[in-house]
Amino acid sequence: MKDLNVIVYTMQGCPFCTDFKNILTKEGIEFFDRDIDVYKDEYDTFSKITENDMIPALLIIEGDGDNYKSFLYTPERNYDELTEALDIIKQHRKNVGIL
């Protein structure tokens with residue numbers, strides 16, 4: 001079985017971030033919350049790669065112990081609604097056998 005890590009870049013005071021984290025919690029989806037002020041350098045790199053600084057943003061890492069792939073998703077580029085971001089995560093979960 002493959003591993004799946006979901007990292008959500010958020011910011012304190014962002015209502016969309018709070019809503020999204022609540023949706024993930026309600027769905028029982030484990031995730032790592034990365035506040036963009038605390039993990040500034042990491043998020044700056046993410047933003048540079050994606051050419052997008054919108055939040056909440058997603059870094060999804062799939063792997064099998066030896067090989068890992070990273071997938072970067074941002075609002076207004078990969079999704080417009082939080083439900084679409086949730087669907088992206090659900091598809092990755094399905095890909096690795098987490099239903």
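View 1. F71 touches L58, L59, I60, E62 and H92, leaving aside residues up to four places away in sequence. Contact means heavy atoms within 4.5 Å. This is a predicted model: local features need pLDDT of at least 70, side-chain atom pairs count only at pLDDT 80 or more, and totals for chains, interfaces and linings use all residues. Residues are numbered from 1 along each chain as its sequence is written, and side-chain values use heavy atoms, with hydrogens and water left out. F71 lies in strand 4. Helices (H or I, at least four residues) and strands (E, at least two) are DSSP runs, numbered from the N terminus. Is F71 buried, partly exposed or exposed? F71 is partly exposed, with a relative accessible area of 24%. Buried means under 20% relative accessible area, exposed over 50%, and partly exposed in between (1.4 Å probe, protein chains only). F71 and I61 are 10 residues apart in sequence, and their C-alpha atoms are 6.4 Å apart in space.

View 2. Two strands pair if DSSP finds at least two bridges between them. Strand 3 and strand 4 pair in the antiparallel sense, over six bridges. G63 stands opposite Y68 in strand 4.

**View 3. Helix 1 and its two sides.** Helix 1 spans residues 15-27, which makes 13 residues. From first C-alpha to last, helix 1 reaches 18 Å, close to the 18 Å expected at 1.5 Å a residue. The expected span is 1.5 Å times one less than the number of residues. Which residues of helix 1 are buried? They are C17, F20 and L24. These three cover an arc of only 65° around the axis, so they sit on the same side of helix 1. The arc is that of the directions from the helix axis to the C-beta atoms. On the other side, P15, T25 and K26 are exposed. The buried residues of helix 1 pack against strand 1 (3-10), strand 3 (57-63) and helix 3 (82-95). Just after helix 1, G28 takes a positive phi of about 75°.

**View 4. Two buried cysteines, C14 and C17.** C14 counts as buried, at 9% relative accessibility. C17 is buried too, with a relative accessible area of 1%. A disulfide is a pair of cysteine sulfur atoms within 2.5 Å. By this rule the count is zero disulfides.

**View 5. Backbone angles in the loops.** Most residues other than glycine have a negative phi, and most peptide bonds are trans. E51 is not a glycine, yet has a positive phi of about 55°. E51 sits in the loop between helix 2 and strand 3 and is exposed, with a relative accessible area of 75%. P56 is found in the loop between helix 2 (40-50) and strand 3. The peptide bond from I55 to P56 is cis, with omega near 0°. E76, in the loop between strand 4 and helix 3, has a positive phi near 65°. E76 is exposed, with a relative accessible area of 61%.
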